[in-house]
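Here's a quick tour of a protein model, written for someone new to reading structures. Have a look at the sequence and the 3D view, then work through the notes below.

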Amino acid sequence: MAIGEAFRRGPLCRITGPELNDLAHQAAADALMGITRKIHDFRGDARFTTWAFRFVVLEVSSKLGRHFWRVPTARFDLNEWAQMPDHSGIDPVDHWQAQELGEAVREAVETALSDRQRRVFTAVVVEGVPLGTLADELETSRNALYKTMFDARKKLRAKLIADGHLTAVG
């Protein structure tokens with residue numbers, strides 16, 4: 001089951017060949033460990049194979065997600081971005097205001113957030129790391145990360161309002 005799921009989803013994540021095969025075998029082994037650990041929780045509400053397949057799908061998804069976010073993507077340096085032609089049709093004033101707000105957010109992230117909040121916020125918002133992957137890397141739960149993000153957003157909003165970049169709503 002793990003090989004079929006991995007080979008179905010692998011090419012979308014740019015993983016193929018022996019690496020994908022290895023990932024599928026690791027997912028199958030980890031799913032088997034999870035099934036063994038949770039076998040006492042099986043209530044019989046569904047077929048056993050359906051229940052077990054859930055573990056396989058979650059393991060394949062987790063492994064593909066972790067792999068996908070560890071592969072560095074091509075990035076432009078600042079000089080290359082400056083050389084890109086502007087086809088957006090954005091008004092220069094709007095562009096300047098957006099740039100100013102971006103700099104204010106960056107400064108607020110550096111000054112208003114704790115180290116942990118900054119790390120989580122940067123990973124999730126800037127780098128686009130999925131919460132499940134980040135939770136695994138930080139050895140915490142998704143709920144703890146949701147709370148950290150909630151608190152970070154609250155602090156950032158307060159800082160941006162205090163500095164005059166946003167207006168308080170109601």
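Thr 140 counts as partly exposed, because its relative accessibility is 25% and that label covers values between buried (under 20% relative accessible area) and exposed (over 50%), using a 1.4 Å probe and protein chains only. You'll find Thr 140 in the loop between H7 and H8. Leaving aside residues up to four places away in sequence, Thr 140 touches Arg 116, Ala 135 and Leu 145, where a contact means heavy atoms within 4.5 Å.

**Ground rules**

- This is a predicted model, so local features need pLDDT of at least 70 and side-chain atom pairs count only at pLDDT 80 or more, while totals for chains, interfaces and linings use all residues.
- Residues are numbered from 1 along each chain as its sequence is written, and side-chain values use heavy atoms, with hydrogens and water left out.

**The whole protein**

- The protein has eight helices and zero strands; helices are DSSP runs of H or I with at least four residues, strands are E runs of at least two, and both are numbered from the N terminus.
- Reading along the sequence, you get the pattern α-α-α-α-α-α-α-α.
- Of the 170 residues, 25% count as buried.
- The accessible surface is about 12,000 Å², with 57% of it belonging to carbon and sulfur atoms; the areas come from the Shrake-Rupley method with a 1.4 Å probe, and for residues only the protein chains shown count as cover.
- Take the contacts between residues at least 6 apart in sequence: 61% of them join residues at least 24 apart.

**How confident is the prediction?**

- The mean pLDDT is 81, and 83% of the residues reach 70 or more; pLDDT is the predictor's confidence in each residue, from 0 to 100.

**Around helix H7**

- Buried residues in H7 are Leu 131, Thr 133, Leu 134, Ala 135 and Leu 138.

**The nonpolar cores**

- A nonpolar core is a set of buried Ala, Val, Leu, Ile, Met, Phe, Trp, Tyr and Cys residues joined through side-chain atoms within 4.5 Å.
- The largest one has 17 residues, and those with the most contacts inside it are Leu 113, Val 120, Phe 121, Leu 134, Leu 145 and Leu 156.
- Helix H5 (92–112), helix H6 (115–126), helix H7 (131–138) and H8 each give this core at least two residues.
- H8 supplies the largest share of this core, five residues.
- A second, separate core has 15 residues, including Leu 20, Leu 23, Ala 27 and Val 56.
- Looking past residues up to four places away in sequence, Phe 121 touches Val 109, Leu 113, Val 126, Met 149, Ala 152 and Leu 156.
- As a rule, nonpolar side chains in soluble globular proteins tend to be buried together.

**A buried glutamine**

- Gln 117 is found in helix H6.
- Is Gln 117 buried or exposed? Gln 117 is buried, because its relative accessible area is 8%.
- Not counting residues up to four places away in sequence, Gln 117 touches Thr 148, Asp 151, Ala 152 and Lys 155.

**Aromatic rings**

- The structure holds four aromatic pairs; rings of Phe, Tyr and Trp (its six-membered ring) pair if their centres lie within 6.5 Å, and planes under 30 degrees apart count as stacked, over 60 as edge-to-face and the rest as tilted.
- Phe 48 and Trp 51 make a tilted pair, because their ring centres are 5.6 Å apart and their planes sit at 40°.
- Both Phe 48 and Trp 51 lie in helix H3 (residues 48–70), three residues apart, about one turn of the helix.
- Trp 51 and Phe 55 form an edge-to-face pair, because their planes are at 70°, with ring centres 4.9 Å apart.
- Both Trp 51 and Phe 55 are buried, whereas Phe 48 is partly exposed at 38% relative accessibility.
- Ring pairs link Phe 42, Phe 48, Trp 51 and Phe 55 into a cluster.
- Arg 54 lies over the face of Phe 55, at 5.9 Å from the ring centre; this label needs NZ of Lys or CZ of Arg within 6 Å of the ring centre and within 35 degrees of the ring normal.
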